[in-house]
Amino acid sequence: MYVEDISPFLSDDLVLSRLKTVSSFGKEYLSDNIDFQWLYGYVSSINPELFGKLEDYDEIEQGGRLFIKRALEKEPKNIFLQMLEKGAEPHDKYSKWKYDRHNDLEKYFKNFFQGCSLYDEYFSEIDNQSH
């Protein structure tokens, strides 16, 4: 989300450098924190090119998915974490899973992403795409 809403005062290179610095800090000091696990896992699995070299794309993407899996292991009944993990599956299988759990996901999104910040708006939009 930081990357998508780049400040007009920062160059792309500076933004990516800061993103990598913050991510490195998180992996070193917060790797057991569930919020870091799912958030870093999500952003690095959908945008691996922002977190390393192009030749490391698949490794970074898989590493992101592993972070999501670690978060889900801590809270296996968390429907949001389940959704993030299922998102790596083939689209038709993921779509069916999401459709079948639409009401539970909607409740989760309303409780945890109330649209008060860019972060909330981003994840609320994910819920809106399932309607």
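## Packing of H2 and H4

In this predicted model, helix H2 (residues 34-46) and helix H4 (residues 79-86) have axes that come within 11 Å and cross at roughly 30 degrees. H2 is therefore roughly parallel to H4 (angles under 35 degrees count as such). The crossing is left-handed, meaning that the near helix is turned anticlockwise from the far one by less than a right angle. Axes are lines fitted to C-alpha atoms, for helices over the stretch in contact, with angles from 0 to 180 degrees between N-to-C directions. Helices are DSSP runs of H or I with at least four residues, numbered from the N terminus.

On the H2 side, Ile34, Trp38 and Tyr42 meet Phe80, Leu81 and Leu84 of H4 (contact: heavy atoms within 4.5 Å). The residues of this contact are six nonpolar, no polar and no charged.

## Aromatic pairs

The structure holds 13 aromatic pairs (ring centres within 6.5 Å). One of them joins Phe36 and Phe67, with 5.8 Å centre to centre and 85 degrees between the planes. This pair is edge-to-face, the term for planes over 60 degrees apart. Phe36 lies in helix H2 and Phe67 in helix H3, 31 residues apart, so the pair links distant parts of the chain.

## Confidence and conventions

The protein chain has a mean pLDDT of 86, and 90% of its residues reach 70 or more (pLDDT is the predictor's confidence in each residue, from 0 to 100). Confidence is highest in helix H3 (residues 57-74), at a mean of 96, and lowest in helix H7 (residues 118-128), at 75.

Residues are numbered from 1 along each chain as its sequence is written, and side-chain values use heavy atoms, leaving out hydrogens and water. Local features need pLDDT of at least 70 and side-chain atom pairs count only at 80 or more, while totals for chains, interfaces and linings use all residues.

How values were computed: Helices (H or I, at least four residues) and strands (E, at least two) are DSSP runs, numbered from the N terminus. Angles under 35 degrees count as roughly parallel, over 145 as roughly antiparallel, 65 to 115 as roughly perpendicular and the rest as oblique. Ala, Val, Leu, Ile, Met, Phe, Trp, Tyr, Cys and Pro count as nonpolar, Asp, Glu, Lys and Arg as charged, and the others, Gly among them, as polar. Rings of Phe, Tyr and Trp (its six-membered ring) pair if their centres lie within 6.5 Å; planes under 30 degrees apart count as stacked, over 60 as edge-to-face and the rest as tilted.
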